[in-house]
Amino acid sequence: DDCTFFVALRNPATLVPEVLARAGIADRDAHLGNADPLELRWGPVLKRMLEAVPDARVVLWCNEDTPLLWPDILHALADDDGDAPIEGEDDMLMMLLSDEGLAALHTHLAGVEGPFGTTERRDITARFLERYARTEEMETIVDMPGWSADLIVEMTEAYDEDVAEVAGLPGVEFLLP
């Protein structure tokens, strides 16, 4: 069978607390046991996936970049060339932009003459997110007992290194803003 995997990588410093909270796990320390938060990496998981299904198409991106990449993700899922508009392209922006900002973005895009590429669309989107973002939707608060700010910085640095490594794995398509 042809297999395709679409995986949004997320910083473990923000992923772990959210997963535990959504699972309703109150005693987080007991649940994590002796796991070293600095050892939570995507690389080993993805390497095992590629070994298990070597001919699979693997499309990756950083969850943090999803608002800028959402149209590209949809086009990758649809396995098309990305030139035609696709329903749902603005779904992420609807959550992140104020109503005023989304209307201003649509007005701006409608006024752009001729076709424009994905890079230009991302640049425009980034400018509108800077100006009209719902900050409460853009911020992530890490609430993990025993995790210091320094640990979260270290985890984020390790995540950045991990992302750089997996982006270079053979057979991986890595979507970037």
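Leaving aside its neighbours within four places in sequence, Phe174 is in contact (heavy atoms within 4.5 Å) with Leu9, Leu60, Trp61, Cys62, Val163, Val166 and Ala167. The model is a predicted one, in which local features need pLDDT of at least 70 and side-chain atom pairs count only at pLDDT 80 or more, while totals for chains, interfaces and linings use all residues. Residues are numbered from 1 along each chain as its sequence is written, and side-chain values use heavy atoms, with hydrogens and water left out.

Phe174 also belongs to the largest nonpolar core, which has 14 residues, and together with Leu9, Leu46, Leu60 and Val166 it touches the most other members. A nonpolar core is a set of buried Ala, Val, Leu, Ile, Met, Phe, Trp, Tyr and Cys residues joined through side-chain atoms within 4.5 Å, where buried means under 20% relative accessible area, exposed over 50% and partly exposed in between, with a 1.4 Å probe and protein chains only. Two or more residues of this core come from each of strand S1 (4–9), helix H3 (43–52), strand S2 (57–62), H9 and strand S3 (172–174); helices (H or I, at least four residues) and strands (E, at least two) are DSSP runs numbered from the N terminus. A second, separate core has 10 residues, among them Leu97, Phe128, Leu129 and Tyr132.

In the loop between S1 and helix H1 (12–22) lies Arg10, which counts as buried because its relative accessibility is 15%. Its side chain is joined to that of Thr14 by a polar contact of 3.0 Å, a term for a pair of N or O atoms within 3.5 Å of which, within protein, one must be able to donate a hydrogen and the other to accept it, residues adjacent in sequence counting only if both atoms are side-chain atoms. Not counting residues up to four places away in sequence, Arg10 touches Leu15, Glu18, Trp42, Asn63, Glu64, Thr140 and Tyr159.

A cavity is a set of points, on a 1 Å grid over the protein atoms alone, where a 1.4 Å probe fits but cannot get out, and lining residues have an atom within 4 Å of a point. Helix H9 (residues 149–167) gives the most to this lining, with three residues. The largest cavity is lined by residues including Pro67, Leu68, Arg121 and Arg122, and helix H4 (66–78) and helix H7 (118–132) each give two or more residues to that lining.

Technical notes: 1 Å grid on protein atoms, 1.4 Å probe; cavity = no way out; pocket = protein on both sides within 12 Å on 5 of 7 lines; lining within 4 Å.
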